[in-house]
Amino acid sequence: MDYILWLADEYAFDKVYQGLGYIGLPALEREQLLRQFCSLTCLSGFGAYTIYMLFSTFSFYVFFDKRQMKHPRFLKNQIQQEIKMATDAIPLMALLTSPFFILEVRGYSRLYENVEEYGWTYWVLSIFVFLFITDFGIYWIHRGLHHRSVYALIHKPHHKWIVPTPYASIAFHPIDGWAQSLPYHICIFLFPMHKFLYLGLFVFVQVWSVLIHDGEYFTQDPVINSAAHHTVHHLYFNYNYGQYLTLWDRVGGSYRKPSDEVYNVELRGTKKIYEKQAQEVDALVAKQGKNRVKSH
């Protein structure tokens, strides 16, 4: 983020902060903490919204199966609702994320600039380490957000979208989005990572969040946590919490293989399949209720 902050300072923010003197406020220098915090909050919010709208819109018009909009559980004006929820959440998410960026630009992370410092082999290896660590962290955070003590308050808004579109990718409570982003920020304090590689992966994870909500099932690979697997999560709630892989769902006993109806574009939006899914959800809820009674 230090390069992005420098570019923003050089071509935009210097004039903005110097202009504060004209309205009676003290001009802020580049290295001042308050200025960096305000700048990074604006940059992260603007960046998140831009990536969200660009890739969600592209995915919606290029990949998303519009027949799903006829599904009985697809809400009236759902896309507008998804965009509004995401737009409302982004400012607070940006505000909460800025402290991590502050630590990064002030040199407290383990980001580095010169590839030769660790070599190309490590550069490639760090990609897999990043994906492994963040997948592990997101799985347990996401699963924790389904705990009944916090689910209704924080994570339930995202599950309003039973049949999600790409615009549902960050349509959730701001604390929910911030909590699930924590592994991305924490990992650069745990092991060295190249600055530009980290920026690229940070964009990648946002794009991936769009792709697993786009309703287009390009792969039936049981290892990849595809849109089909995430569709199962939105339908049945307590399965497939992972981000990229199904590994941690298998380890944690929460993996559920997508049914043939999920992959079949002719069936998955029909009333018959919806009724079958509704019966399965009711059965799961009833089973969970019985288990809670027994546990007491």
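Modeller: In this predicted model, Trp6, Leu7 and Tyr11 form a nonpolar patch on the surface, and together they have about 380 Å² of accessible area.

Colleague: What makes Tyr11 exposed or buried?

Modeller: Tyr11, which is found in helix H1 (residues 2–18), has a relative accessible area of 63%. Exposed means over 50%, and therefore Tyr11 is called exposed.

Colleague: How do you know whether Gln36 is buried or exposed?

Modeller: Gln36 has its place in helix H2 (residues 33–62), and its relative accessibility is 5%. Since buried means under 20%, Gln36 counts as buried. With neighbours within four places in sequence set aside, the residues in contact with Gln36 are Leu5, Arg30, Glu31, Ile102, Val105 and Arg106.

Colleague: Let us turn to the aromatic rings; how many aromatic pairs does a search of the whole structure find?

Modeller: The search finds 23 aromatic pairs. A pair of aromatic rings is described by the distance of the centres and the angle of the planes.

Colleague: Why is the pair of Phe60 and Tyr61 called edge-to-face?

Modeller: The ring centres of Phe60 and Tyr61 are 5.0 Å apart and their planes stand at 90°. Rings pair if their centres lie within 6.5 Å, and planes over 60 degrees apart count as edge-to-face, so the pair of Phe60 and Tyr61 is edge-to-face.

Colleague: And what makes each of these two residues, Phe60 and Tyr61, buried or exposed?

Modeller: Phe60, at 7% relative accessibility, counts as buried, because the cut-off for that word is under 20%. Tyr61, at 60% relative accessibility, counts as exposed, because exposed means over 50%. Both residues belong to one aromatic cluster, which is formed by Tyr49, Tyr52, Phe60, Tyr61, Phe64 and Tyr167.

Colleague: Why is the pair of Phe130 and Tyr184 called stacked?

Modeller: The centres of the Phe130 and Tyr184 rings are 6.3 Å apart and their planes are at 20°. The distance falls within 6.5 Å and the angle is under 30 degrees, and therefore this pair is stacked.

Colleague: Where does UniProt place the feature "transmembrane region"?

Modeller: The unreviewed UniProt entry places this feature at residues 46–64, 85–102, 122–141 and 196–213. In the model, residues 122–141 are 100% helix and 0% strand, with the end C-alpha atoms 28 Å apart, whereas residues 196–213 are 89% helix and 0% strand, with the end C-alpha atoms 27 Å apart.

Colleague: How many helices and strands does the chain have?

Modeller: The chain has 11 helices and 2 strands, and of its 296 residues, 46% count as buried.

Note on methods. Residues are numbered from 1 along each chain as its sequence is written. This is a predicted model: local features need pLDDT of at least 70, side-chain atom pairs count only at pLDDT 80 or more; totals for chains, interfaces and linings use all residues. Side-chain values use heavy atoms; hydrogens and water are left out. Helices (H or I, at least four residues) and strands (E, at least two) are DSSP runs, numbered from the N terminus. Buried means under 20% relative accessible area, exposed over 50%, partly exposed in between (1.4 Å probe, protein chains only). UniProt positions are given in the numbering used here, feature names are shortened, and annotations may be inferred rather than shown by experiment. Contact means heavy atoms within 4.5 Å. Patches are made of residues with over 30% relative accessible area and no salt bridge: like charges are joined within 9 Å, nonpolar side chains (Val, Leu, Ile, Met, Phe, Trp, Tyr) within 5 Å. Accessible areas come from the Shrake-Rupley method with a 1.4 Å probe; for residues, only the protein chains shown count as cover. A salt bridge is a side-chain nitrogen of Lys or Arg within 4 Å of a carboxyl oxygen of Asp or Glu. Rings of Phe, Tyr and Trp (its six-membered ring) pair if their centres lie within 6.5 Å; planes under 30 degrees apart count as stacked, over 60 as edge-to-face and the rest as tilted.
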